[in-house]
Amino acid sequence: VQLQASGGGLVQAGGSLRLSCAASGTIVSRNVMAWYRQAPGKQREWVASITSGGTTSYADSVKGRSTISRDNGKNTVYLQMSSPKSEDTGVYYCKAEEPLLARYTRDFWGRGTQVTVSS
């Protein structure tokens with residue numbers, strides 16, 4: 001399984017950013033797909049998720065200005081964020097949770113993409 005995150009870089013505060021996570025070896029529509037981020041000196045934190053049924057959820061810190069979505073044909077998950085703030089700076093990671101028996105999942109992480117928000 002490979003998860004290739006892209007779309008990071010330097011963005012202006014108040015602008016917008018769109019991250020992509022292209023998956024291979026797994027089918028995003030069958031999984032819970034999630035975005036996490038890690039700011040310098042901080043622990044990795046969950047940002048947003050989308051279930052196989054299409055239900056989305058967001059951390060309070062990004063709720064209302066972020067949208068997680070997927071393109072099943074491209075087997076890709078996206079995170080769109082408007083009005084980014086300096087506190088959104090960090091390395092963003094894509095995670096795939098493949099369902100197994102019962103409540104167990106097999107988890108895969110991609111390499112992160114750096115997002116730096118300049119004010």
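Tyr36 is buried in this predicted model, with a relative accessible area of 16%. The residue belongs to strand 4, which spans residues 32–38.

The ring of Tyr36 also takes part in an aromatic contact. A search of the whole structure finds one aromatic pair. Its members are Tyr36 and Trp109, whose ring centres are 4.8 Å apart. The angle between the two planes is 65°, and planes over 60 degrees apart count as edge-to-face, so this pair is assigned to that class. Trp109 lies in strand 10 (residues 105–109), and the pair therefore ties together parts that are 73 residues apart in sequence. In contrast to the buried Tyr36, Trp109 is partly exposed, with a relative accessible area of 39%.

Trp109 has a further neighbour in Arg44, whose charged end sits over the ring of Trp109 at 4.6 Å from its centre. The ring of Trp109 is thus involved both in the edge-to-face pair with Tyr36 and in the contact with the charge of Arg44. Another arrangement of an arginine and a ring is found at Tyr78: Arg18 lies over the face of Tyr78, 4.1 Å from the ring centre.

A further tyrosine, Tyr104, is located in the loop between strand 9 (90–99) and strand 10. Its relative accessibility is 64%, and because exposed means over 50%, Tyr104 counts as exposed. Together with Leu100 and Leu101, Tyr104 forms a nonpolar patch on the surface. The accessible area of these residues together is about 400 Å².

Note on methods: Residues are numbered from 1 along each chain as its sequence is written. This is a predicted model: local features need pLDDT of at least 70, side-chain atom pairs count only at pLDDT 80 or more; totals for chains, interfaces and linings use all residues. Side-chain values use heavy atoms; hydrogens and water are left out. Rings of Phe, Tyr and Trp (its six-membered ring) pair if their centres lie within 6.5 Å; planes under 30 degrees apart count as stacked, over 60 as edge-to-face and the rest as tilted. Helices (H or I, at least four residues) and strands (E, at least two) are DSSP runs, numbered from the N terminus. Buried means under 20% relative accessible area, exposed over 50%, partly exposed in between (1.4 Å probe, protein chains only). A charge sits over a ring if NZ of Lys or CZ of Arg is within 6 Å of the ring centre and within 35 degrees of the ring normal. Patches are made of residues with over 30% relative accessible area and no salt bridge: like charges are joined within 9 Å, nonpolar side chains (Val, Leu, Ile, Met, Phe, Trp, Tyr) within 5 Å. Accessible areas come from the Shrake-Rupley method with a 1.4 Å probe; for residues, only the protein chains shown count as cover. A salt bridge is a side-chain nitrogen of Lys or Arg within 4 Å of a carboxyl oxygen of Asp or Glu.
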